[in-house]
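Dear colleague,

Please find below the structure that I am handing over to you.

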Amino acid sequence: MRTYIGNHEAANAAEFEELALGFDELPAGIDRDLFRGPLTHETPEERAARLDVAREVLADLVALGEGGDEIAAWDALYADALTRTVPFLRSARAAGRFSGTGEAA
C-alpha cells in the first residue's frame, strides 16, 4: 500500500510523520531571522533596526512570561538563545568556505 501526503509519497513511517506533521514549518510566533539575523547580507542600518525590534519583542515576551504566560516565557528563552547563534551558511561564507553553489570553496 502506498501512502501520500499531498503530492508526496511517504517511503517509511518517519517520512510520513515529517510530511504529515510539517516539521519544516516554523513555530508560530517566532521569526528566527529577527533574532539570529538573516542568512544573506544586511547593512549596518538594517542590522541596527533589526536588533532594536528584537530587543523590544524579547522584552515583551519576558514581561508576558513573568506575568504567567508560559508559552511567552518559553518563546523568550528560545528567542534569547537565537540571539547568540550564527547561521551555519553565513559563518561558512564569512570564513570563505562556501561559494554559494552548493559546494565547498
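**Findings**

The axes of helix α3 (residues 44–66) and helix α4 come within 7 Å and cross at roughly 145°. The crossing of α3 past α4 is left-handed. On the α3 side, the residues involved are Leu58, Leu61, Val62, Leu64 and Gly65, and they meet Ala72, Ala73, Asp75, Ala76, Ala79 and Asp80 of α4. Classified by type, this contact comprises eight nonpolar, one polar and two charged residues. Please note that the model is a predicted one.

Helix α4 spans residues 70–82 and also contains Tyr78. Beyond its neighbours within four places in sequence, Tyr78 is in contact with Ile30 and Arg32. Ile30 is 48 residues from Tyr78 in sequence, yet their C-alpha atoms are 8.6 Å apart in space. Tyr78 has a relative accessible area of 31% and is therefore partly exposed.

- Glu42 pairs with Arg50, with 2.8 Å between the closest N and O atoms. Glu42 is buried, at 16% relative accessible area, and Arg50 is buried as well, at 11%.
- Arg55 pairs with Asp52 at 2.6 Å, N to O. Both residues lie in helix α3, three residues or about one turn apart. Arg55 is exposed at 51% relative accessibility, whereas Asp52 is partly exposed at 40%.
- Arg36 pairs with Asp33 at 3.0 Å, N to O. These two residues are separated by about one helical turn because they are three residues apart in helix α2 (residues 32–36). Asp33 is partly exposed, at 32% relative accessibility.

Yours sincerely

Note on methods: Residues numbered from 1 in each chain as written. Predicted model: local features only at pLDDT ≥ 70, side-chain atom pairs only at ≥ 80, totals over all residues. Heavy atoms only, no water. Helix = DSSP H or I, 4+ residues; strand = E, 2+ residues; numbered from the N terminus. Buried < 20%, exposed > 50% of the residue type's maximum accessible area, 1.4 Å probe, protein only. Contact = heavy atoms within 4.5 Å. Axes fitted to C-alpha atoms, helices over the stretch in contact; angles between N-to-C directions. Left-handed = near helix turned anticlockwise from the far one by under 90°. Nonpolar A, V, L, I, M, F, W, Y, C, P; charged D, E, K, R; others polar. Salt bridge = Lys/Arg side-chain N within 4 Å of Asp/Glu carboxyl O.
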